[in-house]
Amino acid sequence: GAATVEDVQVSVSAVAPATILDRLQEAYPAERADLLRDYVRGHVMRVLDWPEDAQPARNARLMELGLDSLMAVRLRGLLARGLEDGVTLPASLVFDHPTIDSIAAYLLELTSSQRETASEITSKPVNLDVRPATAPREAVPSDEEIEAILMARGDNG
């Protein structure tokens, strides 16, 4: 009846605005750079006011594409807003990272270091604290813990 329709609407609206961070979280590590590249490119096109079919090259220098310092400020704001969680991007972002590729690489580094501090369970097999190669069983989260995490994230069915 009416209740199910409402339930459906609630879950759809909860899923719809997946932030770039959500998408990064769910992407395979290999896909994250591409996701961020598309994210950066989309915002660059917005700031430059380019049409959808005019895709700037990943390694084109943004200043040469016509990005001025005002646009650079706007781009930085847009990128930071999508990243949330108090990410502050340096004012010199576009000067330090003059291409879509290098901004994406910088954001990848930024978001992965944030993700690691945000959650103890990291998708990377790299242990920063050097433990013996045979990690104790407790290092691997149990099924219950994984389920609890998924529940908390609201991913369950």
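Author: Happy to! Before we start, helices here are DSSP runs of H or I with at least four residues, numbered from the N terminus. With that in mind, helix 3 is followed by aspartate 49, whose phi is positive, near 60°. Please remember that this is a predicted model.

Reader: Good to know. How many helices and strands are there in the protein chain?

Author: The protein chain has seven helices and zero strands. Read along the sequence, that gives the pattern α-α-α-α-α-α-α.

Reader: And how much of the chain is buried?

Author: Of the 157 residues in the protein chain, 27% are buried. The chain exposes about 10,600 Å², with carbon and sulfur atoms supplying 56% of that area.

Reader: What share of the contacts with a separation of 6 or more comes from residues 24 or more positions apart?

Author: Such pairs account for 58% of those contacts.

Reader: Let's go inside. Which residues have the most contacts in the largest nonpolar core?

Author: They are Val40, Leu75, Leu79, Leu89 and Leu107, in a core of 28 residues. Helix 2 (20-26), helix 3 (29-48), helix 4 (69-83), helix 5 (93-96) and helix 6 (100-118) each give two or more residues to this core. The largest share, seven residues, comes from helix 3. As a general point, nonpolar side chains in soluble globular proteins tend to be buried together.

Reader: Pick one for me. What is leucine 89 in contact with?

Author: Leaving aside neighbours within four places in sequence, leucine 89 contacts Arg76, Leu79, Ala80, Leu83, Tyr106, Leu107 and Leu110.

Reader: Back to helix 3. How far apart are its end C-alpha atoms?

Author: They are 29 Å apart, which agrees with the 28 Å that 20 residues should span at 1.5 Å a residue.

Reader: Nice. Now threonine 111: is it buried or exposed?

Author: Threonine 111, which lies in helix 6, is buried, with 4% relative accessibility. A polar atom of its side chain lies 3.2 Å from the backbone oxygen of leucine 108. Beyond residues up to four places away in sequence, threonine 111 touches Leu21, Leu24, Leu36 and Leu83.

Reader: Last one, I promise! Where is methionine 63?

Author: Methionine 63 is in the loop between helix 3 and helix 4. There it is partly exposed, because its relative accessible area of 36% falls between the 20% and 50% cut-offs.

Reader: And what does methionine 63 touch, not counting residues up to four places away in sequence?

Author: Val94 and Phe95. The C-alpha atoms of methionine 63 and phenylalanine 95 are separated by 8.8 Å, although the two are 32 residues apart along the chain.

Technical notes
Residues are numbered from 1 along each chain as its sequence is written. This is a predicted model: local features need pLDDT of at least 70, side-chain atom pairs count only at pLDDT 80 or more; totals for chains, interfaces and linings use all residues. Side-chain values use heavy atoms; hydrogens and water are left out. A nonpolar core is a set of buried Ala, Val, Leu, Ile, Met, Phe, Trp, Tyr and Cys residues joined through side-chain atoms within 4.5 Å. Buried means under 20% relative accessible area, exposed over 50%, partly exposed in between (1.4 Å probe, protein chains only). Contact means heavy atoms within 4.5 Å. Accessible areas come from the Shrake-Rupley method with a 1.4 Å probe; for residues, only the protein chains shown count as cover. The expected span of a helix is 1.5 Å times one less than its number of residues. A polar contact is a pair of N or O atoms within 3.5 Å; within protein, one must be able to donate a hydrogen and the other to accept it, and residues adjacent in sequence count only if both atoms are side-chain atoms.
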